[in-house]
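Keep the structure open as you read.

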Amino acid sequence: MILNIGHFIINNCNVSLIYNKINDLCTKYKLSKIELAIGFIKSIKWINGIIFGIDNINQLRELVEYFNNIKVFDDDMINDIKNTLVSIPIELINPRLWI
């Protein structure tokens, strides 16, 4: 699926640049965005669970399969992802601020 977000700007941050950085990570590590997200969270030692929002049972099955099959990322990969995420404004990643 290709998402064209153009030059969407939030709080002086070009969202398309962040989106492209995440796509670059996915390409570099040969992962889908969902694999990158789940693998990253699963690799953080102090996180012991994930809450998923789903619309149907098939989505739940798919997410459980991803969770069960994705390997824990090594420290270099985690740091690479963290270095990308640090450039994302908190207003984009914290749902409490979406109002």
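Contact here means heavy atoms within 4.5 Å. The model is predicted.

Q: How many helices and strands does the protein chain have?
A: Reading from the N terminus, the elements run β-β-α-α-α-α-α. The total is five helices and two strands.

Q: What percentage of the residues of the protein chain count as buried?
A: Buried means under 20% relative accessible area. The chain has 99 residues. The share of them that counts as buried is 26%.

Q: Which elements do the buried residues of H2 pack against?
A: Helix H2 spans residues 33–43. Its buried residues are Leu 36, Ile 38, Gly 39, Phe 40 and Ser 43. They pack against H1, helix H3 (57–69) and H4.

Q: Why does Ser 43 count as buried?
A: Ser 43 lies in helix H2. The cut-off for buried is under 20% relative accessible area. Ser 43 counts as buried because its relative accessibility is 5%.

Q: Which elements give two or more residues to the largest nonpolar core?
A: This core has 13 residues. Those with the most contacts inside it are Leu 31, Leu 36, Phe 40, Ile 70, Phe 73, Met 77 and Ile 81. The elements that give two or more residues are H1, H2 and H4.

Q: Which residues is Met 77 in contact with, leaving aside its neighbours within four places in sequence?
A: Met 77 is among the residues with the most contacts inside the largest nonpolar core. Beyond its sequence neighbours within four places, its contacts are Tyr 29 and Leu 31.

Q: Which side chain does a polar contact join to that of Asp 80?
A: Asp 80 sits in helix H4. Not counting residues up to four places away in sequence, Asp 80 touches Leu 25, Lys 28 and Tyr 29. A polar contact of 2.7 Å joins its side chain to that of Tyr 29.

Q: Which element gives the largest share of the lining of the largest pocket?
A: The largest pocket has a volume of about 460 Å³. Helix H1 (15–29) and helix H5 (90–93) each give two or more residues to its lining. The largest share, four residues, comes from H1.

Q: How many charged residues are in the lining of the largest pocket?
A: Twelve residues line this pocket, with Ile 22, Ile 88, Leu 92, Ile 93 and Trp 98 nearest its centre. By class, eleven are nonpolar and none is polar. The charged count is one.

Q: Which element gives the most to the lining of the second largest pocket?
A: About 340 Å³ of space lies in the second largest pocket. H1, H2 and helix H4 (75–85) each give two or more residues to its lining. The contributor with the most, seven residues, is H2.

Q: How many nonpolar residues are in the lining of the second largest pocket?
A: The lining has 15 residues, and Lys 33, Leu 36, Ala 37, Ile 38 and Leu 85 lie nearest the centre. One lining residue is polar and one is charged. The nonpolar count is 13.

Definitions and conventions:
Residues are numbered from 1 along each chain as its sequence is written. This is a predicted model: local features need pLDDT of at least 70, side-chain atom pairs count only at pLDDT 80 or more; totals for chains, interfaces and linings use all residues. Side-chain values use heavy atoms; hydrogens and water are left out. Buried means under 20% relative accessible area, exposed over 50%, partly exposed in between (1.4 Å probe, protein chains only). On a 1 Å grid over the protein atoms alone, a cavity is a set of points where a 1.4 Å probe fits but cannot get out, and a pocket is an open set with protein on both sides within 12 Å along at least five of seven lines; lining residues have an atom within 4 Å of a point. Grid points are joined across faces, edges and corners, and a volume is the space filled by probe spheres set on the points. Ala, Val, Leu, Ile, Met, Phe, Trp, Tyr, Cys and Pro count as nonpolar, Asp, Glu, Lys and Arg as charged, and the others, Gly among them, as polar. A polar contact is a pair of N or O atoms within 3.5 Å; within protein, one must be able to donate a hydrogen and the other to accept it, and residues adjacent in sequence count only if both atoms are side-chain atoms. A nonpolar core is a set of buried Ala, Val, Leu, Ile, Met, Phe, Trp, Tyr and Cys residues joined through side-chain atoms within 4.5 Å.
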